[in-house]
Amino acid sequence: MKDPRVRQLAEVLVNYSTGVKKGDVVLISASGMESVPLVKELYALCLERGAKYVEYDFTIPDINRYFYNKASKEQISYFPQHKLDLMKKVDVYIALSAADNSMVMAQADQTKMIAYSKVIRPIIDWRVKNTRWVITRFPTHGAAQEAKMSLDEYEDYLYSACCMDWHAESRKQEKLKKLMDKADRVKIKASDTDLTFSIKGLPGIKCDGRFNIPDGEVFTAPVKDSVEGYITYNCPTVYQGKEFNNVRLEFKKGKIVKASAPGMDDALNSILDTDEGARYVGEFAVGVNPNIRVPMRNILFDEKIFGSIHFTPGQCYDECDNGNRSAVHWDMVKILNGDGELWFDEHIIQKDGRFVHKDLLELNPSDQ
């Protein structure tokens, strides 16, 4: 028996997030064969909406691992021009991952992974700048295990976070965006965290279901050289197949001058040494999805945790360009529940993971 929530998720992605319409060329890119039920619904809906052509492809992470471990320098450096040529014809790009093992790349050659990410960056840049795109996840036993849930519990969690009234959420986020737009100095104080920076002149951007599902954040970027202080992230983060916990970063004049993570210092600093921009921050965001409350070791969810912020080493977004360029964009999450404060200038915005500013009270979940 088909789960009706799969169709509901497809409708969010096709009708709301990307607005598929008559004459569109659509590319559905799926990682993991367990995503087939959602790919089928997406394919059917895109045809129903009048897309003139719908392409779908599947990648298998276990096969990709062979590439990183066995490819020669020449093979790593080869640019797949045909993929860029296809992307230039695409109007809508829908990507979904059905990861059965988040650690599949843990033992892959990290140097080659970093090098290849630089090679294919033009394809990603074109897609981001020129298509109506959205990225999502499909529930699997592996993802449920990572989240420390049964599959049934994980499915309930995922669909509640994804199948929301995004029009209403967008209206709620507007007030936070306006406060960001007016703010200069930001201060974050919490356990082993004392961070200050400026966001003056950089816009607040609502993330209201247009590019990520689940969604639920409002982001901006720090003035590149303004970051001072230190932060310890309390949410696990998986990057290039490796899990990092309790990452601690120290900043001077915007640059990460010291980085540590228990047992992972070398791997952490290797990533931060990818290029000059990897040691500067490209994004600051506040998580506001009321149905995401706990870490799941999946950044698409964890960066939206209500009562969290993320402070991201690496590439900035074009919509909020602070000048930082990098092959890295590493969202690291700090949950402020219990002992955190978030300030914009002289105004306290959030305390202990709950909005206290009078203009933002409706963002708080109804059960808080």
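Q: How do H1 and H2 cross, left-handed or right-handed?
A: The crossing of H1 and H2 is right-handed. Right-handed here means that the near helix is turned clockwise from the far one by less than a right angle, left-handed anticlockwise. Helices (H or I, at least four residues) and strands (E, at least two) are DSSP runs, numbered from the N terminus.

Q: What should I know about the model and the numbering?
A: This is a predicted model, where local features need pLDDT of at least 70, side-chain atom pairs count only at pLDDT 80 or more, and totals for chains, interfaces and linings use all residues. Residues are numbered from 1 along each chain as its sequence is written, and side-chain values use heavy atoms, without hydrogens or water.

Q: Back to the helices. What angle do H1 and H2 pack at?
A: About 50°, with the axes of H1 (residues 4–17) and H2 (residues 36–48) 9 Å apart. Axes are lines fitted to C-alpha atoms, for helices over the stretch in contact, and angles run from 0 to 180 degrees between N-to-C directions. H1 and H2 are therefore oblique to each other. Under 35 degrees counts as roughly parallel, over 145 as roughly antiparallel, 65 to 115 as roughly perpendicular, and the rest as oblique.

Q: Which residues make that contact?
A: On H1, Val6, Arg7, Leu9, Ala10, Glu11, Leu13 and Val14. On H2, Pro37, Leu38, Glu41, Leu42, Leu45, Cys46 and Glu48. Contact means heavy atoms within 4.5 Å.

Q: New topic, rings. How many aromatic pairs are there?
A: The count comes to 15 aromatic pairs. Rings of Phe, Tyr and Trp (its six-membered ring) pair if their centres lie within 6.5 Å; planes under 30 degrees apart are stacked, over 60 edge-to-face, and the rest tilted. Phenylalanine 67 and tyrosine 68 form an edge-to-face pair, 5.5 Å centre to centre with 65° between the planes.

Q: Is tyrosine 68 buried or exposed?
A: Tyrosine 68 counts as buried, at 15% relative accessibility. Phenylalanine 67 is partly exposed, at 27%. Buried means under 20% relative accessible area, exposed over 50%, partly exposed in between (1.4 Å probe, protein chains only).

Q: Why is the pair of phenylalanine 244 and tryptophan 330 called what it is?
A: The ring centres are 5.0 Å apart and the planes are at 70°, so the pair is edge-to-face. It links distant parts of the chain, 86 residues apart: phenylalanine 244 is in strand S12 (residues 242–244), and tryptophan 330 is in the loop between strand S16 (308–313) and strand S17 (333–335). Phenylalanine 244 is buried at 0%, and tryptophan 330 is buried at 1%.

Q: What sits over the ring of tryptophan 126?
A: The charged end of lysine 88, 5.2 Å from the ring centre. The rule is NZ of Lys or CZ of Arg within 6 Å of the centre and within 35 degrees of the ring normal. Lysine 224 lies over the face of tyrosine 280 at 4.9 Å.

Q: Now backbone. Which peptide bond is cis?
A: The one from isoleucine 213 to proline 214, with omega near 5°. Proline 214 is in the loop between strand S8 (212–213) and strand S9 (217–220). Most peptide bonds are trans.

Q: What is phi of lysine 148?
A: Near 60°, a positive value in a residue other than glycine. Lysine 148 lies in the loop between helix H8 (141–146) and helix H9 (151–162). Lysine 148 is exposed, at 65%.
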